[in-house]
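Here is a short briefing on one protein model. Keep the sequence and the 3D view open as you read.

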Amino acid sequence: MLRDYQIEICTRVREAFQQHRSVMVQMPTGTGKTVVLASLVKGYLSAEGRGSGILIVAHRRELIEQIKATIQRMGMDETPIVVESIQTISRRMDNPSSGEWGGFGLIVIDEAHHALAKTYRMMWDAWPQAKFLGLTATPCRLNGKGFTDLFEVLLSSLSVPQFIQKEVLAPFDYVAINEGSSQQLLINSLKKRGADGDYQVKEMNEVLNKSVSIAQLYDCYAQFAVGKKGIIYAISIEHARSIAAYYESKGVKAVAISAKTSAKERAALLDEFRNYTSRRRSGGIQLLVNVDIFSEGFDCPDVEFIQLARPTLSLAKYLQMVGRGLRPHKNKECCIILDNVGLVRVFGLPTRCWNWQSFFN
């Protein structure tokens, strides 16, 4: 069953579609965005009939599998729905009217803050009669561009503090490095930028993938989150492997995982991670050290701590990372956020209330 705030946002979307072709929805990470997506799809099919096709677009296979599972759970596995990656869609965009690629009445874009890429823009031209729905926790981009060239209106749900008060999100303890610490001074020394405007990965790796910095990560974990189940966000594959190896040397079951980890191996590692229970300290992998994999769409509510070992200038990336730990669970009182790269001084706490309409514009 949908919660009251999910029912409310679905009603607002349906009302908005009476006046607009394209609508973007903002809901904080962990508040059931995929359930809202599936409910809106189910409502659209009920109103328009089975002959009206729906395309759901995501940019990573984990998101695709999550959406498919939610749709099946809501009894829509036999309906005319295509769930596909943007990469596959872009390869077939040359002939959108053939086979299953014709006749879409509704196109839904998950993690829609990615939708300014050229491949997304092509869908508006390929299916000029379709309505577009975008969902995201963070309607903002590092380049400062808005979304009004694609979406006509933004609908925002409740704020993170409101969701914590409603016990939809978990409370948190936030631990950060000191402003004058050696680690913060290293981060302040980063000067180079990548193509996306964020810190350059190569320079971050050269500066921070050092034994002293990694030892400081472990010491912070040992002081504030020892024995707990968590996710660590690393800079690069090499950095992730270095962190996992160091934690393993201290007796902590940790694995490094990245986009280069095969789908089969990744699924097996995730099963082990989900099976780990900190109360018993047994059952599988205790720590996932990952590189840009579990910042979006990964759902494991009993994650007890998040450790930030990757600096970023991206508000979206920051909120997506910390949001992985804010799902409530009966076995945790709160989430512990270990900010070892000083992101709180860049963005503030996760409870800061942002003017998403300004970012959208």
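Glu111 sits in the loop that links β4 to α5 (118-126). The model is predicted. The points below start with this loop, then turn to the pocket, the sheet and the helices.

*Glu111*
- Is Glu111 buried or exposed? Its relative accessibility is 2%, so Glu111 counts as buried; the cut-off for buried is under 20%.
- The Glu111 side chain has a polar contact with the side chain of Lys33, at 3.5 Å.

*His113*
- His113 is also placed in the loop between β4 and α5.
- With 5% relative accessibility, His113 falls under the 20% cut-off and therefore counts as buried.
- Which side chain does His113 join through a polar contact? The partner is the side chain of Thr136, at 2.7 Å.
- Cys140 is 27 residues away from His113 along the chain, yet their C-alpha atoms are separated by 6.3 Å.

*The largest pocket*
- The volume of the largest pocket is about 720 Å³.
- Its lining counts 25 residues, and the closest to the pocket centre are His113, His114, Asp196, Ser314 and Lys317.
- Thus the buried His113 is also among the residues closest to the centre of this pocket.
- Two helices, α12 (315-323) and α14 (356-360), each supply at least two residues of the lining.
- Which helix gives the most to the lining? That is α12, with 4 residues.

*The sheet*
- The open sheet has 6 strands, in the order β3-β2-β4-β5-β1-β6, with parallel pairing.
- β3 (81-85) and β6 (153-156) are at the edges. Each has a single partner strand, so one side of each has no neighbour in the sheet.
- From one strand to the next, the twist averages 20°.
- How many bridges join β1 to β6? There are 4, and the two strands run parallel; β1 covers residues 22-26.
- Gln26 stands opposite Ser156, a residue in β6.

*Helices across the sheet*
- Helix α1 (residues 4-16) lies across β1, β5 (131-136) and β6. Its direction is at about 165° to β6.
- Helix α3 (residues 61-73) lies across β2 (53-58), β3 and β4 (104-110). The angle between α3 and β3 is about 165°.

Technical notes
Residues numbered from 1 in each chain as written. Predicted model: local features only at pLDDT ≥ 70, side-chain atom pairs only at ≥ 80, totals over all residues. Heavy atoms only, no water. Pairing = 2+ DSSP bridges. Axes fitted to C-alpha atoms, helices over the stretch in contact; angles between N-to-C directions. Contact = heavy atoms within 4.5 Å. Buried < 20%, exposed > 50% of the residue type's maximum accessible area, 1.4 Å probe, protein only. Polar contact = N/O pair within 3.5 Å; in protein donor to acceptor, adjacent residues only side chain to side chain. 1 Å grid on protein atoms, 1.4 Å probe; cavity = no way out; pocket = protein on both sides within 12 Å on 5 of 7 lines; lining within 4 Å. Points joined across faces, edges and corners; volume = space filled by probe spheres on them.
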